[in-house]
Amino acid sequence: MNIVITGASGLLGTELIYQLQHTTHNIFALTSNKEALLSKWTADNVHIHSVEEWESRAFSLEGKDVIIHSGFARAYKGGEEIARSLLFTKKLFDEIRDKKVKGLINISTQEVYGKKN
């Protein structure tokens, strides 16, 4: 199975790659911090791509089976960063639809929405 994980350098993305790296699945890590991941993941089935590569169409969702979307701005980063994150999510979902990707899992931590007492 070909699995794309967005937010691959974040808490959830990192843990998902850790859990899946020793499987037969191909893992495509999509991140805004590619350099941080290049030395971290050396398994043959983990392929690291930057958001810029995806935006320039150097990396595509074509032929991918599942997208696990865990890449979203944290609430403390403020409105402008959250707006960029929402635009990224819309573009991602549009490509998921257009490329007829079979599965989508949308997950986040409490940090995305802010903590409530």
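In the protein chain, 58% of the contacts between residues at least 6 apart in sequence join residues at least 24 apart; contact means heavy atoms within 4.5 Å. This is a predicted model: local features need pLDDT of at least 70, side-chain atom pairs count only at pLDDT 80 or more, and totals for chains, interfaces and linings use all residues. Residues are numbered from 1 along each chain as its sequence is written, and side-chain values use heavy atoms, without hydrogens or water.

**Fold and dimensions**
- The protein chain holds five helices and five strands, which are DSSP runs numbered from the N terminus (helices H or I, at least four residues; strands E, at least two).
- Their order along the sequence is β-α-β-α-β-α-β-α-β-α.
- The radius of gyration is 14 Å, close to the 13 Å of the globule rule for 117 residues, so the chain is as compact as a globular protein of that length. The radius is taken over C-alpha atoms, and the rule is 2.2 Å times the number of residues to the power 0.38.
- Along the principal axes, the C-alpha atoms fill a box of roughly 40 × 30 × 25 Å.

**Surface and charge**
- Buried residues account for 39% of the 117 residues. Buried means under 20% relative accessible area, exposed over 50%, and partly exposed in between (1.4 Å probe, protein chains only).
- The accessible surface is about 7,100 Å², with 52% belonging to carbon and sulfur atoms. Areas come from the Shrake-Rupley method with a 1.4 Å probe.
- There are 15 positive and 14 negative side chains, and the centres of the two sets are 5 Å apart. Lys and Arg count as positive, Asp and Glu as negative; His and the chain ends are not counted. Charges are placed at NZ of Lys, CZ of Arg, CG of Asp or CD of Glu.

**Nonpolar cores**
- The largest nonpolar core has 13 residues, and Ile-5, Ile-17 and Ile-27 have the most contacts inside it. Strand 1 (2-6), helix 1 (11-20), strand 2 (26-31), strand 3 (46-50) and strand 4 (66-69) each give two or more residues to this core.
- Another core, apart from the largest one, has twelve residues, among them Leu-30, Val-51, Trp-54 and Leu-61.
- A core is a set of buried Ala, Val, Leu, Ile, Met, Phe, Trp, Tyr and Cys residues joined through side-chain atoms within 4.5 Å.
- Beyond four places in sequence, Ile-5 touches residues including Leu-16, Phe-28 and Ile-68.

**Positive phi in loops**
- Arg-57 is not a glycine, yet has a positive phi of about 70°. Arg-57 sits in the loop between helix 3 (51-55) and strand 4, and is exposed at 66% relative accessibility.
- Lys-100, also other than glycine, has a positive phi near 55°. Lys-100 lies in the loop between helix 4 and strand 5 (103-106), and is exposed at 67%.
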